[in-house]
Amino acid sequence: MAVTAPAEMFDFKVKFAETRAHAKAIEMELRRMEALQAKQHINYLCTFMPDVFMSRFGDHDSILLLLLLPRLSWKAEILRTQIREKYPAPEEITKDVIFTSHTVEQYSFACRISHLLTSLQTIVHQYDSALRCCSVEMFLQVGTMFSDLAVQEKAIDFYIDLLRKDQLDENIPLETLEKMLQYFNNVYTQHLSETNVDCTVLMSDTSKQLNTACDSIATELKKLQIFMQASEEKTEMAELLCDLLAYNEEIQQSTKKIRRRMPQDGAKSPVSFSKEVQSKLFQCNFEVARVVKTLWEISHASTHTDPKVGFSNQKLKELAHLATDHIYGKDDSGPLDCLRQSLIFAKTEISKVANAMQEGEYDFDGTDEIKPQSPLVLRALAIKAEVKNVENLKLKLEAKELDVMELKKALKMKMDEFSELHVRKDMVEKKLEVLSKEQDDRLEKLQRKLDETTLLLRKKEKEFEETMDHLQADIDALESERGELKEKVKAMSKKALIEGLTKSSGFTSLSSPSSPTQSSPSAQSFASGKESVLLIQQVNDLRIALRNLQNENIRLKSKMMTKSMANLPQLKICKKPTGTSSSTGFVNVVDSSSSEGIDNKLATTYRQSTDLLNDIFKFGIGMKVVDITKRRPGTEPVIEKSSPGYHLISTTANLQQLNQRVEMMKNDMSCILAKHHRGGKVGSTFSEFPTPECTKMLLEMGQLVSKIKIPVTKNESPKTYCIELNETELRSLHYSIIN
């Protein structure tokens, strides 16, 4: 019995292990079937999605990015856990252990890759938190970089594949993982640095990241202390290693305090702190990461030394200088200052955060913070709304098609009307051709009459000139005869007359043999006096006839001169422009003072005012109402010009244009009235302005021009009537009263 008991127990354990393995295999097959079903389900759903959704840089890439982030975190956690189990921490780190086995190097490699993986988890969690509360535009913008971020997953897959083949050891380089981490940090800084993050997750990830970094720092510092020579214990590099080890232990203690104060249920009692604290935590991770990499490079370079000799202070200092130059770059101020300042900064800030956590400054205050809706949900709602809008647009499109059919019918009717109008136009053109021919015939007849009239006028003018020459000759003869008569009258004196009276009739008969009947001197004197009176009367008649002929000659000459002047071409006079009243900004000084320019301006203004009055009457009388009887209720007009809004806008625009024309007409009339009234304008170098008195007069309602008094009977009482007349009516009334 004593021999068979262990065999039975062994069989039971084997059978139990086989049962568990069989159950696990069945469960794995079920999980595999579920995964295949889920994948097939997704493929079926994707076939129903539009091409825009599945296109590159679309919504599908954004969804794949949301799936990529937790997948990277899970893979990093699996890799970190397996490496910790594969390369556990050694019991103690001594010179013999370092130089006789690979345990310390493997543990150092495990610490460093764990630090990089926790850093990757931290940045991935920040991505996930930011993409759950950012805007939809930012979500889609980051989704366009999915292809670049997905390529970085190959680095994690590479290390997992090596771990699966049991080939992941301290000889594998980690530059690929560092480049991947640097790429994720750069993308986050450029696009998502301003978004909110989950403070609880950030605090937990930071404590894990600092803890793994402290493990790596402690391992490397212990290795370097062992490599130091025994005689170099009090050198500055030895003191630096001791100080860094002390700072590292303080940082580890602070991270332990933070983890103890972290809430167990983050959803119910989350931690919250400001952006300043977040930036300090990021800076602490950055500084500690630089220290980790610097110490690893120094330790990696020191592995090639002789274990019996060890490192001198100068040699270690040279290696430290090379490492800090490579890691810190422009911020390098020597290994003593760089490493010490980085850990002092991290120790100070982490201790402040740990104290604040212990004092409850970041604890949940009980107020429920309103979390913004996820951009994925918002985008899904927007796409659903677009689908609904597509359905609505489909209905609207069907309604538009019906409207198009109606418009086609209306267009056909308009085409029929157009054909009728075209026929009418042809008939009118034919009538116009006939009328144009008749008009040409009438023009030819009138032209012939005009030519005949012109020839007759020339004949009349020639006869008139000949008559004028004869009359001028007669006038000249009469003038010469008048001169002779004046000389004769002057020659006859009073003495000659008296002597003629005293002379005898015989002498008279001798002196005038042609008058035998006149025998006495008195008869001769009487005959001479009578002849003088007749001559004077004749001279007066000739003088009057001459004056009339001269006036007629002057009138005809002036008429001919006026006609010839009218036929002459108009003179072009260049005048210097001054002032600001013309269209180019000037007004002519001569035209402003001449009555002819004022009359032309007045006539132009009168025509413009008449046109403006007609336009106002047409606008007031020809108001149109939009016909909405032929449109179906609830449908918008197809043509924008047929909408009531367009009609209202056009009516308002016409009204504003008329108001502007009225104001311009007022200004023109005030300028013309100021020029017509004496003293109504003030001249200047550049323009003319109405005087204040003239402006006041123009602003009055009316102006008293005259009073007309009409007599009434005794029984009627006098009454006063005010009559407002324009210039034309006043002139007509004045002309009627005068005539």
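Predicted model: local features only at pLDDT ≥ 70, side-chain atom pairs only at ≥ 80, totals over all residues.
Where is the place of Asp-166?

Asp-166 sits in the loop that runs between helix H8, residues 153-164, and helix H9, residues 175-191. Its backbone deserves a remark: although Asp-166 is not a glycine, its phi is positive, at about 60 degrees. As background, most residues other than glycine have a negative phi. Is Asp-166 buried or exposed? Asp-166 is exposed, because its relative accessible area is 55%, and the cut-off for that class is over 50%.

Let me now turn to the chain as a whole. Its secondary structure consists of 23 helices and four strands. Of its 739 residues, 26% count as buried.

Next, the nonpolar core. In soluble globular proteins, nonpolar side chains tend to be buried together. In this model the largest nonpolar core holds 96 residues. Which of its residues touch the most other members? They are Leu-120, Leu-131, Leu-168, Met-203, Phe-273 and Tyr-362. I would draw attention to Leu-168 in particular. With residues up to four places away in sequence set aside, Leu-168 touches Leu-79, Ile-83, Lys-86, Tyr-87, Phe-109, Tyr-159, Leu-162 and Leu-163.

I come now to individual helices, starting with H5, which covers residues 103-131. Helix H5 has 29 residues, and the distance from its first C-alpha to its last is 42 Å, close to the 42 Å expected at 1.5 Å a residue. H5 is also mostly covered, with 25 of its 29 residues buried.

Ser-73 belongs to helix H3, residues 59-86. Ser-73 counts as buried because its relative accessible area is 9%, and the limit for that class is under 20%. Apart from neighbours within four places in sequence, Ser-73 is in contact with Gln-121, Val-124 and His-125.

A second example is Ala-150, in helix H7, residues 146-151. With a relative accessible area of 23%, Ala-150 is partly exposed. The C-alpha atoms of Ala-150 and Leu-72 are separated by 9.6 Å, while the two residues are 78 residues apart along the chain.

The next topic is a pair of helices. Two packed helices are described by the angle between their axes and the distance between the axes. Helix H12 spans residues 275-302 and helix H14 spans residues 335-359; their axes come within 9 Å and cross at roughly 145 degrees. The crossing of H12 past H14 is left-handed. Which residues make the contact? From H12 they include Val-277, Leu-281, Cys-284, Val-288, Val-291 and Leu-295, and from H14 they include Leu-339, Leu-343, Phe-345, Ala-346, Ile-350 and Val-353. Among the others are Lys-280 and Glu-287 of H12 and Glu-349 of H14. By class, the residues of this contact divide into twelve nonpolar, three polar and three charged.

Thr-294, a residue of helix H12, also takes part in that contact. Why does Thr-294 count as buried? The reason is that its relative accessible area is 0%, and buried means under 20%. Leaving out residues up to four places away in sequence, Thr-294 touches Ala-323, Thr-324, Ile-327, Tyr-328 and Leu-339.

Within H14 itself there is Asn-355. Asn-355 is partly exposed, with a relative accessible area of 36%. Between the C-alpha atoms of Asn-355 and Lys-257 the separation is 8.4 Å, and these residues are 98 residues apart along the chain.

His-321 is partly exposed, and its relative accessible area is 33%. His-321 and Asp-332 are eleven residues apart in sequence, and C-alpha to C-alpha they are 8.9 Å apart in space. What does His-321 touch, not counting residues up to four places away in sequence? His-321 touches Gly-334 and Pro-335.

Note on methods
Residues numbered from 1 in each chain as written. Heavy atoms only, no water. Core = buried A, V, L, I, M, F, W, Y, C linked by side-chain atoms within 4.5 Å. Buried < 20%, exposed > 50% of the residue type's maximum accessible area, 1.4 Å probe, protein only. Contact = heavy atoms within 4.5 Å. Axes fitted to C-alpha atoms, helices over the stretch in contact; angles between N-to-C directions. Helix = DSSP H or I, 4+ residues; strand = E, 2+ residues; numbered from the N terminus. Left-handed = near helix turned anticlockwise from the far one by under 90°. Nonpolar A, V, L, I, M, F, W, Y, C, P; charged D, E, K, R; others polar. Expected span 1.5 Å × (residues − 1).
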